[in-house]
Amino acid sequence: MRHLMSPLDLSKEELDDLLTLASDIEKNPKKYAHVCDDKRLATCFYEPSTRTRLSFEAAMMNLGGKVLGFSSADSSSASKGESVADTIRVVSCYADICAMRHPKEGAPLVASMASSIPVINAGDGGHQHPTQTLTDLLTIRSLKGRLDNLTIGLCGDLKFGRTVHSLIEALVLRYSNVKFVLISPEELRIPSYIREDVLKKNNIEFQEVERLEDALPDLDILYMTRVQKERFFNEEDYVRMKDFYILDKQKMELAKKDMYVLHPLPRVNEISTEVDADPRAAYFKQVQYGVYVRMALILTLLEVKLPC
């Protein structure tokens, strides 16, 4: 039995196999429509989510399986003081696999150590968000045809953005010749452990800039992020930072014709709605890829026999 706490729980070969399976699911959805007819997924979400929770639920239902769970800590026994370890022991009696989101870093790992079913980390605080990373990798590979030899711009909240941290680690440690342009205000720069222990330690070429306009012409992928209100301790800092970057039609004119824009969503103001009509805007395609990759992950962790 395996769990998924980080994208790095998968080797490069396993990652490539997973992404290939997801691509096959995209092309042949009917082939996989009943492979999990007798399986149940539990979604244990201790903080709000739209895309991730519904994506997991859609993924399991697309495979023929059933879904149960809760969408906030208030609607679970956590509100009565039950521990994560006890909750997963109980959930293991009802389901075959669990997707867990929790505001505390490491909570899904604690759950996995007490669980008798596979646990997927669906986001833990500002730490990891591995299934979003798998979604991002599948999106990039599908649009660009590769995951190496790329220049990727990451823009916005690079300090608290767990999607950014997970994506950098996966690309650096599993693929080659990926360059990064880190675009953020001083207050939201990438954490030192990513800069020192991931980028510098692996001799990765990167630059940190403040102006989005300066970075755009060189990018193959622009990964926009929102400034996360829930990670700030005071309202003033959030208000000052929230509109620091706004990608609009005028800025898109600076970018390559084959540069794609990704965003883990939800979007607030950081991408103008006028960009949605640009064929390079890939963030809603990205949502659909998230369903395919979660379908592939569920099949992989449950070790389901795949149809020919």
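This is a predicted model: local features need pLDDT of at least 70, side-chain atom pairs count only at pLDDT 80 or more; totals for chains, interfaces and linings use all residues.
Modeller: Two strands pair if DSSP finds at least two bridges between them. Residues are numbered from 1 along each chain as its sequence is written, and side-chain values use heavy atoms, with hydrogens and water left out.

Colleague: What makes β2 and β4 edge strands?

Modeller: The open sheet has 4 parallel strands, ordered β2-β1-β3-β4. Both β2 (66-70) and β4 (119-124) pair on one side only.

Colleague: Leu-68 again: which residues make a nonpolar surface patch with it?

Modeller: Val-90 and Tyr-94 do, and the patch covers about 260 Å². Members need over 30% relative accessible area and no salt bridge, with nonpolar side chains joined within 5 Å and like charges within 9 Å. Val-90, in helix α3 (residues 84-91), has 35% relative accessibility, so it clears that area cut-off.

Colleague: Why does Val-90 count as partly exposed?

Modeller: Buried means under 20%, exposed over 50%, and partly exposed is in between (1.4 Å probe, protein chains only). Val-90 sits at 35%, so it's partly exposed.

Colleague: Why is the contact of Arg-2 with Glu-14 called a salt bridge?

Modeller: Their closest N and O atoms are 2.8 Å apart, so the pair passes the test (a Lys or Arg side-chain nitrogen within 4 Å of an Asp or Glu carboxyl oxygen). Arg-2 lies in the segment before α1 (12-27) and Glu-14 in helix α1, 12 residues apart, so this pair links distant parts of the chain. Arg-2 is partly exposed at 36%, and Glu-14 is partly exposed at 30%.

Colleague: What separates Arg-89 and Asp-86 in helix α3?

Modeller: About one helical turn, because they are 3 residues apart.

Colleague: Are Asp-248 and Lys-251 buried or exposed?

Modeller: Both are buried. Their closest N and O atoms are 3.9 Å apart, so this pair also falls within the cut-off.

Colleague: How many salt bridges does the count come to?

Modeller: It comes to 16. Glu-186, Arg-189, Arg-195 and Glu-208 are linked in a network of them.

Key:
Helices (H or I, at least four residues) and strands (E, at least two) are DSSP runs, numbered from the N terminus. Accessible areas come from the Shrake-Rupley method with a 1.4 Å probe; for residues, only the protein chains shown count as cover.
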